[in-house]
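Please describe how this predicted model is put together. Keep the report brief and give the cut-offs behind each term.

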Amino acid sequence: MTKKEPAPLIETKNLFKSYFNEAVETPVLFDINLRIDAGEFVAIMGPSGSGKSTLMHILGFLDVPTKGHYHFKGESTEEKTEDELARIRSSSVSFVFQSFNLLPRTSVIDNVTLPLLYHSGTKPAERREKAMKAIKAVGLTDRATYLSNQLSGGQQQRVAIARALVTEPGVIFADEPTGNLDSASGKHVMEILQSLHEEGHTIILVTHEKTTAEHAARIIRIMDGHVVADDRTFTRRIASQVKELK
Amino acid sequence: MQIRDTVTIALKAVTGNRARSLLTMLGIIIGVGAVVLMTSVGESMQSVILGQISALGPKTIALWPGKNGPEQGAATLNPDFDSITLNDVDALKKLSTITNVAPIIFVEGKTGYGEEQTDTRVVGTTPEYYLNQIVNAAEGRLHDEQDELQGRYVAVLGPDTARDLFFNASPLGKRIEIGNQKYTVIGVLEPVGSQFFQNMDERIIIPFETAHTIAQRSYANMVTAMATGDTADAVDDIQFLLRRRHKIIPPATGIATDNDDFLVRSAEQAQEILGTVSTSLTAFITMIATISLVVGGIGIMNIMLVAVTERTREIGLRKALGARRKDILLQFLIEAVVLTMLGGLIGLLLGLSLNAIIVGIARKFLDRYIFAINFVAMIAALLMAAGTGLVFGIYPARKAAELSPMEALRYE
């Protein structure tokens, strides 16, 4: 008997996505075949309009493919009901958005606690404890009682990361997390994501900036809805060395 | 997500924009306030009137000349003011269905004691009157058959009249003046309060025979009696007898007729009329409540639709974080219910405060006006307010719940 290989965290086969506007079909993604394992730090990179955000929405269960297969933790996700998808979002994935998406006029701790409200059976004291732990991980313990709008952009994005951490999800999706930040804050946010990766979190980053994507160990390039390249750090290093030699 | 968390979120949303919430709730506040106020006033009035009727006793019957009865007191307004003759009264006394027939003659004239004057009504009547009115002497005695037989110049005072004329001194044995005639005070009545907006503690009672002699009248201004058995039978008998004596064609149907030159009423009938009045009052209040709650509900629906649009990104975020349709639906539904319940509670307090003010004012005019509240109406108004939130909140809440998480997140 051969030992069975563990199922990949994310696996897509012949995945297509189109948007429909009054019977007019606008295809966005074509034949996407991807495999991402637990613990990876992947950047999905491409210019705007390439379909990278749509891909992230599908992988993060915010949207569904038009055609093809998406297996998550070895399980088919087709024919899942809306509530089942909501349960996966609540337990297995979390998001960091470009525009932070914090609740305004709401304290840092309440913002970070928010995902736990949709987690059944977490008691208020336990929620607080988990939230404080996540806030500590992004270095904002002394700002826990501040209102979200009293913080700088970089701090707000760190709150968003804490909110993504609090449910201890399998995957953190970060959609242009540095897009609205100055370079120093952006660097800080990327450092946090990097350290989370080192702690074992799976991180899928969507960006159009090469410098941001460089933090990831693997870069998947998307162009006009097609995957055009899938480079691992190793091959990238070789390529740059070859370039230097020339 | 637990209900408690949802309620906390809803309260935060409602208190986050106080001016808007208050304006939204205004329709509900006014509706519930009006219902609480009107039912409380209705309850108080009913207890006043019921108190008067029960003071009379359900079997007490009153008879007035003229088809409109006591509403037309003045002779000029009532051409039939002399329709109930003393012969009629003698005939009434022979009826088996009634007893205690007490004719009344009102005596006019300047009334007072020494320097003190009063415009108190002077009632000339027989001792049966006390039985019909269910009143006793607090001091001294009531007048009796002997006083009637001898046509004595004696008077029994209502407690308020006694105080007006004599302050704290005892009026017993004092001689008061009524139209240039002196009367000896023999008793003071116990207080009974108001009856049909007349203060019954303000009266002077003299023997019927004496009043008859003084006023030179062969008719009665009013007659009181008491039914021996069924009150409706007694009323029928009186009507039959008087119509026959007055040669009035009896009506084909119904109790009263335009041809009648008298009016007869029992306390029981008054109670029935009161019942009808309170039924129509209830219908009226229900109508007001329904209209204002519907208007208020539309306001709630409008503001909840605005809230759903305003918070589209928040809804998208919550869904991205794992909120199910049900969680979003409940959040907005509970917010609508919290709005209407809060509006209901404010309306309730407003209605009760206004009622307290009205009670304060009414007490000055009606001794028996009491602070009364209708608990059933209060709870019904609150439940209806909450129901309004449910009914008018469901559409916006469903709209929110059905938003796709991705599109909601992209909403600008």
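## Helix 2 of chain A and its cover

The buried residues of helix 2 of chain A are covered by elements that include strand 4 (67-72) and strand 6 of chain A, together with helix 10 (312-320) and helix 13 (405-410) of chain B. Helix 2 spans residues 82-91, and its buried residues are A:Leu85, A:Ala86, A:Ile88, A:Arg89 and A:Ser90. Buried means under 20% relative accessible area, exposed over 50%, and partly exposed in between (1.4 Å probe, protein chains only). Contact means heavy atoms within 4.5 Å. Helices (H or I, at least four residues) and strands (E, at least two) are DSSP runs numbered from the N terminus.

## Basis of the model

The model is predicted: local features need pLDDT of at least 70, side-chain atom pairs count only at pLDDT 80 or more, and totals for chains, interfaces and linings use all residues. Residues are numbered from 1 along each chain as its sequence is written, chains are lettered from A and ligands numbered from 1 in the order in which they are written, and side-chain values use heavy atoms, with hydrogens and water left out.

## Sheet in chain A

Chain A holds an open sheet of six strands in the order 6-7-8-3-9-10, with mixed pairing. Strand 6 (93-96) and strand 10 (226-232) are the edge strands, each pairing on one side only. From one strand to the next, the twist averages 20°. Axes here are lines fitted to C-alpha atoms, for helices over the stretch in contact, and angles run from 0 to 180 degrees between N-to-C directions.

Strand 3 (residues 41-45) and strand 8 (residues 202-207) of chain A run parallel and are joined by five bridges. Two strands pair if DSSP finds at least two bridges between them. A:Val42 has A:Ile204 in strand 8 as its bridge partner.

## Nonpolar cores

The largest nonpolar core has 59 residues. Such a core is a set of buried Ala, Val, Leu, Ile, Met, Phe, Trp, Tyr and Cys residues joined through side-chain atoms within 4.5 Å. A:Ile10, A:Leu55, A:Tyr70, A:Phe72, A:Phe95, A:Phe173 and B:Phe332 touch the most other members. Helix 11 (residues 325-362) of chain B gives the most to this core, with seven residues. Another core, of 39 residues, lies apart from it; B:Ala211, B:Ile238, B:Leu241 and B:Ile248 are among its members.

## Aromatic pairs

Over all chains there are nine aromatic pairs. Rings of Phe, Tyr and Trp (its six-membered ring) pair if their centres lie within 6.5 Å; planes under 30 degrees apart count as stacked, over 60 as edge-to-face and the rest as tilted. A:Phe61 and A:Phe72 have ring centres 5.1 Å apart and planes at 90°, so this pair is edge-to-face. A:Phe61 sits in the loop between helix 1 (52-59) and strand 4 of chain A, and A:Phe72 in strand 4, eleven residues apart. Both A:Phe61 and A:Phe72 are buried. Ring pairs link A:Phe61, A:Tyr70 and A:Phe72 into a cluster.

B:Phe81 and B:Tyr219 also form an edge-to-face pair, 5.5 Å centre to centre with 80° between the planes. B:Phe81 is partly exposed, with a relative accessible area of 26%. B:Tyr219 counts as buried at 16% relative accessibility.

## A buried loop residue

A:Thr178 lies in the loop between strand 7 (171-175) and helix 6 (183-198) of chain A. A:Thr178 is buried, with a relative accessible area of 8%. Not counting residues up to four places away in sequence, A:Thr178 touches A:Gly186, A:Met190, A:Glu209 and A:Thr212.
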